[in-house]
Amino acid sequence: MKRLIAMLAVTLVLVGSIAFTDTRYGTRSDGLYYQVTDIRPDAQLMRINGESVSAEEYFYWLSSVCDYLYSYTNGQVDFDAALTEEMTYGQYAKSDAAETVKLYAVVRQMAAEAGVALSEEDLEALDAQRAQYVAYYGSEDAYLQQLQLLGISEEMLRSIESVPYLYGQLMAMYCAEDGKLRPSDEELRSFGEENGYVTAQLLFFPTTGLDASAVEEVRTKAENYVQRWQNESDKMTAYTTMCSELGLTVDEAGLTFEPTTSDAAVCTAIGTLAEGSVSGVIEGENGFYVAMRMALNTDALTEDLFNILLQEKQDSAKVDYSKRMYDSIDAGAFYNTLSVARTMLMQELALQQQGSVAP
């Protein structure tokens, strides 16, 4: 009896080990990704903050990055060649795919934490998008064949395409006035001041492509507008009139920007103005500006602050790789073999199509 119990105990341990192995390394054997890598599409290739990421999702993004590099080099990409001092094209492809997977996982996790799920409108939009694919390729069968050529299951594609909708909901909750995730006005104002944000109404006088004489004519024109604007008592009405004259669009909230993503000279000059005052002529990189500074528009900061928060979460995410599987991936070999497999599958599908329409 003791021997029987011992044997049962060993059997249970072995069964448990097999079940764990099956889950970890996957059970599916479908799709081009498995065909060219021998890594099962449902294998747990990565874990991001404890959330499993399948090989299928990673290979989808790796294929996308390789496609981009192929296009970027006009089809001459050498994945073993140095892209930077630190990495080859192949290393970059693997790293960039992993970063995208990480970003998508973080968005899913943030949505779960905030209680955000796809809305009815989101689901309808995803269904409409699928219908567009079917219409574009001509039929349901043709669309499914494209998924085969891509190497991804429809379920995985749906999962990936759902993430931007979750992102949109999170963004809305962060940016809306009554949003559940919105920072306080004090936090927004502090963020804006610390990072040099300004809000202003701008007149722009382009000089790109002009010779020195023409540039001076534009400068004189800008100086005339400075005088007009500074002498007006109702500066907003005057601004609207001048924009109409110059063919510029009026945004009553003004433009909100900071030095690292705008013309730094313009941003710095506006930062020295008192609210409501009009500047002199500001020489920018591509022309001259005249600006009226406004109170900092904290609403305009929410989107930037949200994306900074998302970037911080992405950068700090804990990533664990299945070393055996991940280290076995060679981006160049993967892409080259995948391209050959896609060509062969395309030919096979074409022959099937010909056979189905033969008399």
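This is a predicted model: local features need pLDDT of at least 70, side-chain atom pairs count only at pLDDT 80 or more; totals for chains, interfaces and linings use all residues.
Residues are numbered from 1 along each chain as its sequence is written, and side-chain values use heavy atoms, with hydrogens and water left out.

**Exercise 1.** Determine whether glutamate 85 is buried or exposed.

Solution. Glutamate 85 sits in the loop between helix 3 (55-72) and helix 4 (89-113); helices are DSSP runs of H or I, at least four residues, numbered from the N terminus. Buried means under 20% relative accessible area, exposed over 50%, and partly exposed in between (1.4 Å probe, protein chains only). The relative accessible area of glutamate 85 is 80%, so this residue is exposed.

**Exercise 2.** List the contacts of tyrosine 58 beyond its neighbours within four places in sequence.

Solution. Contact means heavy atoms within 4.5 Å. With those neighbours left aside, tyrosine 58 touches Leu45, Met46, Lys94, Ala97, Ala98, Val101, Tyr326 and Ile329.

**Exercise 3.** Describe how helix 4 and helix 12 (residues 302-316) cross.

Solution. Axes are lines fitted to C-alpha atoms over the stretch in contact, with angles from 0 to 180 degrees between N-to-C directions. The two axes come within 9 Å and cross at roughly 115°. Angles under 35 degrees count as roughly parallel, over 145 as roughly antiparallel, 65 to 115 as roughly perpendicular and the rest as oblique. Helix 4 and helix 12 are therefore roughly perpendicular. Residues making the contact include Leu103 and Val106 of helix 4 and Phe306 and Leu310 of helix 12.

Terms used. Helices (H or I, at least four residues) and strands (E, at least two) are DSSP runs, numbered from the N terminus.
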